[in-house]
Amino acid sequence: MGKIVAVTGNEAVAEAFRQVNPDVCAAYPITPSTDLMQRFSSLANNGKVKTEMILVESEHSAMSACIGASAGGGRVITATSSQGMALMWEELFIASGSRFPIVMALVNRALSAPLNIHGDHSDGMGARDCGWIQLWSENAQEAYDNAIQSFRIAEHLDIRLPAMTCMDGFIISHSIERIEYLDDAAVKDFVGEFKQTNPLLDVDNPVSYGPLILTDYYMEYRRAHAEVMSKVKGVVLDVAKDFEKISGRKYGLFETYRLEDAEIGIVVLNSAAGTTKDAIDIFRDKGIKAGLLKPRLFRPFPYEEVGEALKHLKAVCVLDRADAFGASYGPLFMEIASSLYQYGQRPLMMNKIYGLGGRDYMPDQAEYVLSDLVETAKSGKIKNIREYIGVRE
Amino acid sequence: MKQKGWKELKPGAVVTEPGSALKFKTGSWRAYKPKWVPENCIQCLFCWIYCPDMSVPVKDGKRGDFDYDYCKGCGICALECPGKKGNKAIVMEEEGK
C-alpha cells in the first residue's frame with residue numbers, strides 16, 4: 001500500500017490532485033504556489049489526468065472560472081497565495097454563498113507592501129470570514145492528507161461548501177520531506193465520484209445561479225450558511241475516521257501534543273508547531289509540564305472542543321503569524337480567547353506575533369515563550385499581554 | 001405570499017423553476033409611470049421591443065395597456081415612441097399625482 005517518497009509540500013499536493021483527478025482546474029501562477037500548479041499542469045498536459053486546465057489572465061478570472069465550472073457540474077480545483085488570494089476576494093464569497101465545493105490549495109504567503117514572497121498567514125486570515133472551510137497543515141504530509149480529505153468534506157451532501165487547505169509558503173511548499181503517498185486506487189475510492197446537485201449543464205432541468213436576493217431573504221440565506229458551517233466539524237471527524245482506515249494516520253479538529261497533563265500551553269498554526277514541539281520536549285525533560293494545541297480546522301472554528309482542551313491550563317500563549325492592524329490581538333488569539341471566555345476559571349492568556357514575512361521561527365523563540373509562560377503561571381501576572389518576538393528594536 | 005424561513009431555502013440560492021421572475025413584481029420601484037394614449041398610438045410596437053422588462057402586453061399583433069406589475073418607470077418606451085403627428089402615445093407622469 002502506497003509508497004514512501006521525498007518530496008516538497010507543493011509536489012505532495014500536486015500528487016494528491018493527480019490522484020483525485022478533478023474535472024476542471026483554473027489557476028494563475030503566483031509564488032509560492034506556482035510550483036504546485038506548474039507540476040499539476042504538466043500532469044494535465046502529459047495526459048496523466050483528465051482535468052481541463054483553464055489558463056486565465058488573473059486570479060480574479062481563475063476563481064470566476066472555477067465558479068462557472070463548479071456550477072456547470074465539475075469537480076474543481078485551484079491553488080494560489082497572497083496577492084492572488086486577495087484578487088480572488090469577491091469570488092470567494094460567491095463560491096461559498098452559491099455552495100460550490102471548490103477545493104483550493106492555499107500556500108500561505110505575506111501580503112504586499114512591502115513586497116514579500118515568504119510564509120505568513122495574512123492571506124488565509126484575510127479570507128477567514130468568506131464562508132470557506134479552512135484546513136491548516138503543519139508539514140507536507142498533512143498538506144497531502146488534508147488536500148485529499150478536503151474533497152470529501154467540501155462535497156459532502158450536508159455541506160457543499162468550498163474548502164481551502166493551507167500550508168506555509170517555502171517553509172513547507174519548497175522543503176523536501178519524507179511523505180507517505182497512498183495508492184491511486186485508495187484515493188480514488190476514498191473521494192468517490194462527484195455529482196453536482198443542480199448542475200447548469202443539465203439542460204433538461206434548467207436552473208439559474210446567482211439571483212438577486214434583497215432585504216426580504218438575504219438574512220435567511222446567511223443564517224442557512226451558518227447552519228451548514230455548524231455541521232462541518234462532524235463531517236471533518238467522520239472523514240478523518242475513514243481516512244485513518246486507508247492511511248493509518250489520525251486526524252481531528254486540532255492536534256494536541258503533551259497537553260492533557262500540561263500546566264502551560266502554546267497554541268500555534270502550521271509549520272511552527274514542529275519547532276514548538278521540540279522546545280516542549282526540552283522543557284518536559286526539565287520537569288516543566290508544557291503542551292501544545294495546533295488547530296487544524298480553523299473555519300469553522302471548533303470553539304467548544306478547543307475550550308475544553310485548554311481550560312485546565314494555568315497560562316496559554318497564542319502565536320500569530322499574521323498581524324491584525326488596529327485590532328486588539330492577532331486573529332488566532334481572538335479565536336482562542338473567545339473559546340475560553342465562557343469559563344469562569346480560565347488560563348492567563350497572552351499573544352505573541354512571530355514569523356511575519358517568512359522570518360524564521362527559531363527554537364530559542366519557542367523557549368523564550370515557554371519561559372515566559374512558566375513565569376506567568378508562577379506569578380499569576382502577565383508581563384506582556386501582546387508582543388512581537390524575533391523583531392529588531 | 002407567505003415568506004419562507006431559512007430552513008426552507010434551496011442551497012446556494014439556486015433557482016430551479018424556469019421563468020420564476022414572473023413572480024417577482026418590481027412595479028413598486030417606480031417613481032414615474034408611463035401612460036398610454038391610444039388615440040396617438042400607431043401600433044409600431046417600438047415600446048414592446050424597447051421595454052427592458054415585460055410591461056407592454058401584446059395580443060394579436062397589437063399592444064394593450066401597460067402591465068404595471070413589472071414597469072419600473074424607466075421611460076425608454078416614452079422616449080422611443082414616435083407618436084402620431086407630433087403627439088406621443090406614451091407620456092410619463094409622476095407617481096402619486
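The largest nonpolar core holds 120 residues. A nonpolar core is a set of buried Ala, Val, Leu, Ile, Met, Phe, Trp, Tyr and Cys residues joined through C-beta atoms within 7 Å; buried residues have 20 or more other C-beta atoms within 10 Å of their own, with C-beta atoms placed from the backbone. The model is predicted: local features need pLDDT of at least 70, side-chain atom pairs count only at pLDDT 80 or more, and totals for chains, interfaces and linings use all residues. Residues are numbered from 1 along each chain as its sequence is written, while chains are lettered from A and ligands numbered from 1 in the order in which they are written.

Among the residues with the most contacts inside the core are V13(A), Y144(A) and V316(A). Helix α7(A) gives the largest share, eight residues. Domain 1 (3-247) and domain 2 (254-388) of chain A both contribute, so the core lies between them; the domain bounds come from an automatic or database assignment. A second, separate core of 11 residues includes C51(B) and C81(B).

In chain A, 16 residues are in contact with 11 residues of chain B (C-beta atoms, placed from the backbone, within 7 Å). Helix α9 (residues 218-247) gives the most to the chain A side, with four residues. Helices are DSSP runs of H or I, at least four residues, and strands runs of E, at least two, numbered from the N terminus.

A kink of about 30 degrees in α9(A) is centred on V232(A). The bend is the angle between axes fitted to the seven residues ending there and the seven starting there. V232(A) is buried, as are A224(A) and F243(A). The cover over the buried residues of α9(A) includes β6 (133-136) and α7 (140-155) of chain A. Just after α9(A), G248(A) has a positive phi of about 80 degrees.

How values were computed:
Contact = placed C-beta atoms within 7 Å. Buried ≥ 20, exposed ≤ 12 C-beta atoms within 10 Å, placed from the backbone.
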